[in-house]
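Please walk me through this structure. Start with strands and how they pair, then turn to charged side chains and the surface.

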Amino acid sequence: MADPGLLLRDLDKGTLNRLADILDNSVCGWKKLARTVSGEPRFRFSDKELDSCSLQVLSPEGSPSRRLLGLLSDRACSVSFLQHCLQATEHNEATQYLTRVTGATASEFCLGPLTAQDQGHYICRIHLGDQCVFSQWALVQVIRADSPTPATDKVALLIGNMNYKFHRRLQAPMADVYELANLLRQLDFKVVSLLDLNHREMQCAVREFLLLLDRGVYGLLYYAGHGYENFGNSFMVPIDAPSSYTLDHCLWVQEILHQMQERQTGLNIFLLDMCRKRYVTGNMNDEVIPQPGTLKVTANIVFGYATCADAEAYEVCKGNLSNGIFVDFLKQRLLENEKVTVMLDKVAEDMGRCPIARGRQALELRSNLSERRTLSDPIKLLNCEEEYSARTLQWSIAHVLPDSRLLTFECGVRVQLGFAAEFSNIMIIFTRILEKPKNLTLCEARITDLSEDLDIDIKMTNKESPEDTGSLLITLDSFQFPESSCLYTRLCGLQKLKRDLSFTVCLQYQYQEMDEFVEEKKMVSIGKPLVAKLGLHCCPRPPPSPLSAPSELQSPDWGFRGSSSSSLGSESTCWSYYSNPGELSCPTTPGTMSLPEETLLERPLPLSENPQGLTSGARFSCDNVNDISVHFRNKMNFNSC
């Protein structure tokens, strides 16, 4: 397989023409290839584009396959992806040819053995075998192998699952994802923030995330929601997981790590804000313990678990907004210019001083990070400007808001139609009356006839404030409009859109000295906003990963050297297990427990087991700090706390 960083557009014209000749001579070769590559959303071509390929036969020198390869090149298709698709379509001749020629055009050329005295700048060129074919001259910089690898880019995928269909709903992931997204943007991360994804949507979101990774890129994945752990393997639970779920219904974190390593990333960070218990649901009966392929020795992996093995993670509730205990402390340290492991050590120490967490939740850090790498490391483009631009374009596709529009109605009313992004898959639409004739008394513009793809509660649309629509993060102050002639509608789950988003703007107004309302309507289509462009709802499900022989990953210790919590802050510590929390402030209200039916349990735990007088069950609060309550971030066994 070709170098993952080698793009189709990097191949010379002769190679592409020869490959096109092979595909043109096959029976419907290019059409079969077009159907196969469409498995990736960004390579789904329109009928017009496919017709342009077919029409090439009318030209004496035209080639449908060459036109298709050109379209793939324009969308930054990699050679390795094309090879995979050719193998899937059984184009053996084309596969063999591409495999043979890309060995001489890979983006990586190894020189060696070299010594420290060989460091410096050189110019070189490469020739093809015994043929008189030479590459262009290239500038080569030789540096020490143990020199810190600069960050060529920084990408973060943040997923928060709250509204589960068959499990207890959570509160904190919304605020956790929102606050971490804002902080990571300050550190120049390209952030994708998503709420409430089902199994397929999570798979496709991870796949799009992997496409943004490349050599030297820092990749960070944060997940808040239900989860569990089985023999050292961590699983993230989608919102559509059945009541008795197994690993087949979940996403396997270690497999994602394996795929990130395939992209030759510079740093792999996983922040898992979820429970790690094996509950008495289906996951106790996982028939097969999966084993990923052998991990590469990259010395750049950091796992930050919100809680230790076989324990729950908790949420801290402050009014309507909630934070998980992990993020409540993480957000205070995230911007510090410290080695990632040192920063997480400090978070663990802060959590250790929290009375609420003591004996219930302790951050666990696992890492083999050998260099001093921080989240604030600057991005350095060492001859990779094109790759950086391609990643920026790919990321921006999922973060484009529709342009604001000005609608003029026959009655003379002018309405501004605007848009604001709360997450990558949640958008707020507002209608604002800019001008109205003096003979009109009451006037408002409402959004109606929204797409059936989105699960929308009509009662929560066209509200006088974003908070009334269910947004706890974007408020009236965010818009700073001088008057209150605005109505707000919040659209969630944009990843479910199957077609362009269209709706009706319905203007209702009343003339002076008239009781009846008059109504005018305008249809509006805004395309696919934000992450809807990626088509996460229809991303094909990948084949199951082959199970390999047991590896180091099976062990909860991951084969890394370990140390106890006594070595906090030590740069030589490969991983630390924290189980000695300290103090934090506790709430003023007595503890209550809330079941899905919103009933209360009266029976408290014995005082010896419950020194703070907490009620047994999934949700509790304690004495002494300003209305804070805590509940498990996973499905509960109501007999334990």
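Phe-303 has Arg-366 in β13 as its bridge partner. Four bridges join β10 to strand β13 (residues 364–367), and the two run antiparallel. Strands here are DSSP runs of E with at least two residues, helices are runs of H or I with at least four, and both are numbered from the N terminus. Two strands pair if DSSP finds at least two bridges between them. The model is predicted, so local features need pLDDT of at least 70 and side-chain atom pairs count only at pLDDT 80 or more, while totals for chains, interfaces and linings use all residues. Residues are numbered from 1 along each chain as its sequence is written, and side-chain values use heavy atoms, with hydrogens and water left out.

Strand β10 also pairs with β9 (residues 267–273), in the parallel sense, over five bridges. There, Ile-269 is partnered with Val-302 of β10. Five of the five residues of β10 (residues 301–305) are buried, so the strand is largely enclosed by the rest of the structure. Buried means under 20% relative accessible area, exposed means over 50%, and partly exposed lies in between (1.4 Å probe, protein chains only). In a regular strand the side chains alternate between the two faces of the sheet. On one side of β10 sit Ile-301, Phe-303 and Tyr-305; on the other, Val-302 and Gly-304.

Another sheet is open. Its three strands follow the order β6-β7-β8, with antiparallel pairing. The edge strands are β6 (227–230) and β8 (251–252), each pairing on one side only. Strand β7 (residues 233–236) meets β8 over two bridges. Met-236 has Leu-251 in β8 as its bridge partner.

Now the charges. The whole structure holds 23 salt bridges, each a side-chain nitrogen of Lys or Arg within 4 Å of a carboxyl oxygen of Asp or Glu. Asp-310 and Lys-277 form one of them, at 3.8 Å from N to O. This pair links distant parts of the chain: Asp-310 is in the loop between β10 and β11 (314–318), Lys-277 in the loop between β9 and β10, 33 residues apart. Asp-310 counts as exposed because its relative accessibility is 52%. Lys-277, at 21%, counts as partly exposed.

Lys-346 forms a salt bridge with Glu-336, their closest N and O atoms 3.9 Å apart. Lys-346 lies in helix α11 (residues 340–352) and Glu-336 in the loop between α10 (325–330) and α11, so the pair ties together parts ten residues apart in sequence. Both belong to a salt-bridge network that also includes Arg-333, Glu-338, Asp-350 and Arg-353.
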